[in-house]
Amino acid sequence: MDLAAVATELYALPPSEFTSARNEKAKAARSAGESLVAKQIGRLPKPSAAAWAANLLARHRPEDVARVLDLGAELRIAQELLDSEAIRRLGPERQKLVTAIVREGRALARDFGGSVSEAAAADLEQTLRAGMADPGAAAAVRSGQLVRALASNGIDPVDLTDAVAVPGSLHEPAPPPAPGVRGERAPQRDDDERRRVEAERAQEREQARAERDEAERSLRLAEAELADAESSAADVAARREHLAGQLAELKERLAGLEGEVAAVEREAGYAERTRKLAARVAEQERRAARLARERLDRLS
């Protein structure tokens with residue numbers, strides 16, 4: 001069972017259905033013998049309303065999300081190149097697209113039996129703007145695994161701490177070519193290309209580190225689970241051996257008791273026969289004594 005695929009499916013469900021669906025997925029993984037994945041699924045947190053709406057868009061309107069995020073990438077490049085013409089052209093388009101997709105997100109939420117309040121809609125807009133401003137945030141939005149809303153100050157990288165259900169599954173495509181770049185800016189384009197390549201490599205390294213950290217965390221969990229399983233197996237084996245010893249003792253004692261019962265039953269039979277014989281003799285003696293008394297009385 002693929003954890004990222006399960007998370008993507010769960011985070012597109014209405015928040016009211018999330019917990020029960022997550023528990024069912026964990027139970028299914030456990031039944032399939034994937035106890036580690038079951039534990040990971042069981043720890044997935046419930047998404048906020050804004051994150052859920054963003055996940056719905058990523059799952060059911062990926063083309064619209066791609067248009068917004070690609071526009072953000074173009075605008076970032078235009079700003080790096082100080083291309084004022086492209087900035088003037090892309091700025092209004094950005095606001096138009098963001099407004100439209102927020103509206104679409106709220107409509108999707110209603111279609112799926114939920115709702116997005118004004119406050120959550122504002123968080124959804126901030127999340128989309130963060131994705132437009134930062135490649136890492138863009139990958140988080142595309143993933144469909146957002147746990148909470150994102151925010152950007154336009155300068156620092158977006159904080160993605162605990163923002164994505166399975167961080168190691170994020171993949172960020174290369175940004176599109178810079179819009180409206182004139183031929184006389186070829187040296188600037190070369191510098192920008194180098195920066196882009198360096199940024200991609202830095203992100204790849206960050207992604208590799210995240211995947212390594214996730215793998216090491218999974219390994220630690222697996223090793224801890226193995227230790228627990230081995231300890232439990234040893235405890236069960238010891239209990240089984242102890243109970244087997246007790247059972248053998250009980251069987252031996254039972255055999256002895258059965259022998260004693262048989263002997264007592266034989267003694268009881270003999271005692272009963274003896275009692276009956278003694279009763280007959282006593283009756284005869286009582287009769288003889290009575291006759292003797294009667295004879296004595298007649299002679300007196």
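# Core contacts and a tilted ring pair

Visitor: Which residues does V141 touch, leaving out those up to four places away in sequence?
Guide: This is a predicted model, where local features need pLDDT of at least 70, side-chain atom pairs count only at pLDDT 80 or more, and totals for chains, interfaces and linings use all residues. Residues are numbered from 1 along each chain as its sequence is written, and side-chain values use heavy atoms, without hydrogens and water. Contact means heavy atoms within 4.5 Å. On that basis V141 touches A58, V65, L69, T127, L128, G131, L146 and L150.

Visitor: How many residues are in the largest nonpolar core?
Guide: A nonpolar core is a set of buried Ala, Val, Leu, Ile, Met, Phe, Trp, Tyr and Cys residues joined through side-chain atoms within 4.5 Å. Buried means under 20% relative accessible area, exposed over 50%, partly exposed in between (1.4 Å probe, protein chains only). L124, V141, L146 and L150 have the most contacts inside the largest core. Its residue count is 38.

Visitor: Which helices each supply at least two residues of this core?
Guide: Helices are DSSP runs of H or I, at least four residues, and strands are runs of E, at least two, numbered from the N terminus. The chain has nine helices and zero strands. Those asked for are α4 (49-60), α5 (62-80), α6 (84-111), α7 (118-133) and α8.

Visitor: Is S143 buried or exposed?
Guide: S143 lies in helix α8 (residues 135-143). It touches T8, V164 and L170, not counting residues up to four places away in sequence. Its relative accessibility is 15%, so S143 counts as buried.

Visitor: Which backbone atoms does the side chain of S143 reach?
Guide: A polar contact is a pair of N or O atoms within 3.5 Å; within protein, one must be able to donate a hydrogen and the other to accept it, and residues adjacent in sequence count only if both atoms are side-chain atoms. The S143 side chain reaches the backbone oxygen of A140 at 2.6 Å. It also reaches, at 3.1 Å, the backbone nitrogen of Q145.

Visitor: What kind of pair do the rings of Y11 and F18 form?
Guide: The whole structure holds one aromatic pair. Rings of Phe, Tyr and Trp (its six-membered ring) pair if their centres lie within 6.5 Å; planes under 30 degrees apart count as stacked, over 60 as edge-to-face and the rest as tilted. Y11 and F18 are both buried. Their ring centres are 5.1 Å apart and their planes at 45 degrees, so the pair is tilted.
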